[in-house]
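User: I want to learn how to read local features from coordinates. Can we work through one example together?

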Amino acid sequence: MLKIAYHPIYNHPLPEGHRFPMIKYELLSQQLLHEGTCIPENFFEPEIPNDKYIVAVHDPEYFYDLLNIKIPPREARKIGFPLTEDLVERERIIADGTMKCCHYALDYGISMNIAGGTHHAYSDRGEAFCMLNDQAIGARYLQAKKLAQKILIVDLDVHQGNGTAEIFQNDASVYTFSMHGESNYPFKKEQSDLDISLPKDTKDDEYLFRLKEILPTLIQQEKPDFIFYLSGVDVISSDKLGTLALSIKGCKKRDSFVLETCYQLQIPVQCSMGGGYSPGIRTIVDAHANTYRLAQEIYF
């Protein structure tokens, strides 16, 4: 069955008026249950992981400063959340969710983390709502456990996966592919193994053409034995923090193509949700829910 990492701590309280829609995580799990896409048995609760897997990716000094809430104020402001022990615990639990999802993906072909996609977390710092890079940690975990050798990260969030690019910049065993808005944050991009920067207001047809042109060739070239998919829905036209112009239907077609490709090639895939910042919370939840609907339809 489809296994989904979810923990109540994902819905972390934020100051009133904060622009990050934290409630989406709770609403998404409720929506999937309400509509019958999922049943309670689909969900599992991640825990605090062994920190050795985190410091395999993140600088130990940075990580222990996070644990002790000793990040310098200027660096803390770049994260965008008020730093608390609960927030750091949340981030560690998200990382554990992605690590545990790796096993479920190997067993069943696919697994999902309702949170995660924290691709702006660098090895030695956090920024833009990201402190620990869950999919980078998952990749290193797989390799440490000798469960995968060559890994492909497919990052289709509207923002470049700058932290992920930095973490794996000198590592040929993890291939980083980011397709994002060229005029979106981060304004100073890092260098992924493959970066596709799309012009403002790119719509469904052009986006899907580029993706279909690139992904199968990339998989054939790199021959990964595991894929991490960051399925951000901030590519849709209503998104407040995105510059692309996909429809919700186009975003669903994107997910369908990625998941069908993984399924047909029998490459295990772990999905983390990434960004979504449309003004209407219903729009965000529906766009994210499409990824789960497709996973059930294609795999189960």
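Analyst: Start at a helix end. This is a predicted model. D59 caps the N-terminal end of helix 3. A side-chain oxygen of D59 lies 3.1 Å from the backbone nitrogen of E61.

User: What happens just after helix 3?

Analyst: Check the backbone torsions there. I69 takes a positive phi of about 50°.

User: Which residues of helix 3 are buried?

Analyst: Helix 3 covers residues 60-67. Within that helix, Y62, F63 and L66 are buried. Now look down the axis. The buried residues of helix 3 fall within an arc of 95°, so they line one face of the helix.

User: What covers the buried residues of helix 3?

Analyst: The cover includes helix 2 (51-54) and helix 5 (85-108).

User: On to charged pairs. How many salt bridges does the structure hold?

Analyst: The count is 13. Take R140 and D171. Their closest N and O atoms are 2.8 Å apart, and the pair forms a salt bridge. R140 sits in helix 6 (residues 134-144). D171 sits in the loop between helix 7 (162-167) and strand 5 (174-181).

User: Is D171 buried or exposed?

Analyst: D171 is buried, because its relative accessible area is 17% and the cut-off for buried is under 20%. R140 has 22%, so it counts as partly exposed.

User: How far apart in helix 8 are E213 and R210?

Analyst: They are three residues apart, which means a separation of about one helical turn. The side chains of E213 and R210 meet in a salt bridge at 3.9 Å, N to O.

User: Which residues do salt bridges with shared partners join into one network?

Analyst: E35, D286 and R293 are joined that way.

Methods:
Residues numbered from 1 in each chain as written. Predicted model: local features only at pLDDT ≥ 70, side-chain atom pairs only at ≥ 80, totals over all residues. Heavy atoms only, no water. Salt bridge = Lys/Arg side-chain N within 4 Å of Asp/Glu carboxyl O. Helix = DSSP H or I, 4+ residues; strand = E, 2+ residues; numbered from the N terminus. Buried < 20%, exposed > 50% of the residue type's maximum accessible area, 1.4 Å probe, protein only. Arc of directions from axis to C-beta. Contact = heavy atoms within 4.5 Å. Polar contact = N/O pair within 3.5 Å; in protein donor to acceptor, adjacent residues only side chain to side chain.
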